[in-house]
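The following note concerns the model shown below.

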Amino acid sequence: MSVPAEERLSGAKVLSHLTVMGLVAVVLGVVTAGLAIPFAGALGIGAKNLSDTMEHLPVDLTPGELAQKTVLVDSRGNTIATLYDQNRISVPLTRISRTMTKAIVAIEDYRFYEHGALDLKGTLRALITNQASGAQVQGGSSITQQLVKLTLLDQAKTKRERIAATDDTYERKIRELRYAIALEQKYSKDWILERYLNTAYFGDGAYGVQAAAKHYFGVNAKDLNLPQSALLAGLVKNPTGYDPTNYPDRAVARRNVVLDRMAELNVITQTRVDKTKDRDLGLDVQETPNGCVNSVAPFFCDYVVEYLLHDKTFGKNRNERKKTIYSGGFTIQTTLDQRFQQAADQSVRDHVYAKNSAIGALAMVEPRTGHVRALAQSRPMGNLKKRHETYLNYTVPKEYGGARGFQPGSTFKAFVLAAAVQKGIPLDMTIEAPAQVVVPMSQYDTCKGRYQSGDVWPPQNSTGSGNYSLYTGTRQSVNTFYAQLELATGLCEPYRLAKAMGIRLTDPLNERVPSFTLGVADVSPLEMAEAYATFAGRGLHCDASPVTSVEGPSGAVVAEYQPDCQQVIDAPVADAVNAVLRGVQEPGGFGYSNGLGLTVPSAAKTGTTNENRAVWFMGYTPSWPRRR
């Protein structure tokens, strides 16, 4: 039979083919000799260089933990956010459909279970076919070799290491082959296939077959059917070029190539292939949000992340902890109650708008546990360049949210009230409180003697004047009453109580001053909620916490956060404070007159600063709403 001139191989090509075959023969000899025979002449590199290269290659490759998606769940186990560097959920081979494993083996390495680290027959076939066509038509790398390359790329920490893991050199190929031999000696074929399916990138941000199955079809890897499996198996060759969300026609063609290969190998029948080819891609793309912006509780989520970034359990420094959290595949059990979160969001939206110059913020803490149940603020999480969006978390202390807080106004009077009760001052004792008093600052006791100042303090009332008891002076929030009550308590004990109850006071020189009772220190809503929860908890203070436990991918507990509580006020003292603050919610009290009285018993304290630059309401109830 004659061959058209244009199809005849030139002399150069024939020589090239023979050279390739010679190379393969030499390579096979090297492999069978345990990579110990120099083949410098065949590869065009010096024998000594090759020997040195082989001598210094590690004989073992340790596949580390794969980066996996971390999930935050609320107190009922519902997902509220996902965090990841790579969207991956590792699964055992038993939880991957047999159809999927057959498809990937058929298209990538059909003799996978028959050969060792290198498929000699497949490599020879691929080299000759590719040489004849002048293009990369067939791949010669076994699944084990591919896994080595993926592992080296995954473990690369620098640009140089990433280039070394992918460069097209014989040194890289030999290095991969030596690692592949080590993997085959150490692990079973099933382990290698499982690891490969969990490591491979399937495009559109999905790493590993489980994440890919969820992303493209909304199913688990164990439920993948034939067309779904064929599509995913076809993606690993070129995840970007065959991405079905961007190039559906290419994806269909590639899927059909996989189906034809499965029929050719008698994995499935040609009849089934023909029927499957008639089906469309059947995509049901499920996006996997990354980070807190898309969370149902973005600022609570942000608080959780920052809280864990302060925990040395997850690393020596912030960068190490962040990498661990975002790649550890953890399930973070949070304290969020979505019922309360929705109510908090609605309340803030109803009273302070995102476009207002003011900022509304709300924090909810459970007494006697410290569990943070909700955080809300009026400006949504978003681009700082947009006027009404922010990444600053105004609800939490500066170390967790970046905002310095707000002056709390008269809500600090509760600490002076507690100190007075603790000191034994009767609740019905009265003090004459005119519209203004002028008190020499040197009359106030501090922790060590009198306050050192020659100045006077001239507080005024905005609520009238007269004789007031601890009940009525608190109910009406009378400034001049509390300025004089503070003479009896001194400055040290109210300041100490505030710190013991969770207020982050760090500057006594400017905070432990006569005007302390009017709230001169900047604090966050969460600090105040934590402090007032101490009154509600009958003097038991519990550190605010948004997390109860962190579990690893296997379900083992990595970190557990039990309530950290301490009795900082005697229960009878707290009960007396609660009785006084309850009056704020009853007729005649500021809470009641402003429509803040509840149909259930409650206690509260209001607070405002000069020119109403900050307006506060701290309230609590004696019982926690039951779950429904």
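1. A charge is taken to sit over a ring if NZ of Lys or CZ of Arg is within 6 Å of the ring centre and within 35 degrees of the ring normal. By this criterion, Arg250 lies over the face of Tyr247, 4.0 Å from the ring centre. Lys322 likewise places its charged end over the ring of Tyr326, at 5.7 Å from the centre.

2. As to provenance, this is a predicted model: local features need pLDDT of at least 70 and side-chain atom pairs count only at pLDDT 80 or more, whereas totals for chains, interfaces and linings use all residues. Residues are numbered from 1 along each chain as its sequence is written, and side-chain values use heavy atoms, with hydrogens and water left out.

3. The structure holds 17 aromatic pairs (rings of Phe, Tyr and Trp, the last by its six-membered ring, with centres within 6.5 Å; planes under 30 degrees apart are stacked, over 60 edge-to-face, the rest tilted). Tyr303 and Tyr307 form an edge-to-face pair, because their ring planes stand at 70 degrees, with the centres 6.0 Å apart. Both residues belong to helix H14 (residues 298–309), where they are four residues apart, about one turn of the helix. Tyr303 and Tyr307 are both buried (under 20% relative accessible area, with exposed meaning over 50% and partly exposed in between; 1.4 Å probe, protein chains only). Phe412 and Phe415 are also edge-to-face, since their planes lie at 80 degrees, with ring centres 5.1 Å apart.

4. Phe412 and Phe415 are each buried. Ring pairs also join Tyr303 and Tyr307 with Tyr400 and Tyr561 in a cluster.

5. Helices H23 (residues 525–536) and H24 (residues 571–582) pack with axes 8 Å apart, at an angle of about 105 degrees (axes are lines fitted to C-alpha atoms over the stretch in contact, and angles run from 0 to 180 degrees between N-to-C directions). H23 is therefore roughly perpendicular to H24, a class covering 65 to 115 degrees. Tyr532, Phe535 and Ala536 of H23 make the contact with Ala574, Val577, Asn578 and Leu581 of H24 (heavy atoms within 4.5 Å).

6. For the protein chain as a whole, there are 25 helices and 15 strands (DSSP runs numbered from the N terminus: helices H or I, at least four residues; strands E, at least two). Of its 628 residues, 49% count as buried. Among contacts with a separation of 6 or more, 66% involve residues 24 or more positions apart.

Conventions. Angles under 35 degrees count as roughly parallel, over 145 as roughly antiparallel, 65 to 115 as roughly perpendicular and the rest as oblique.
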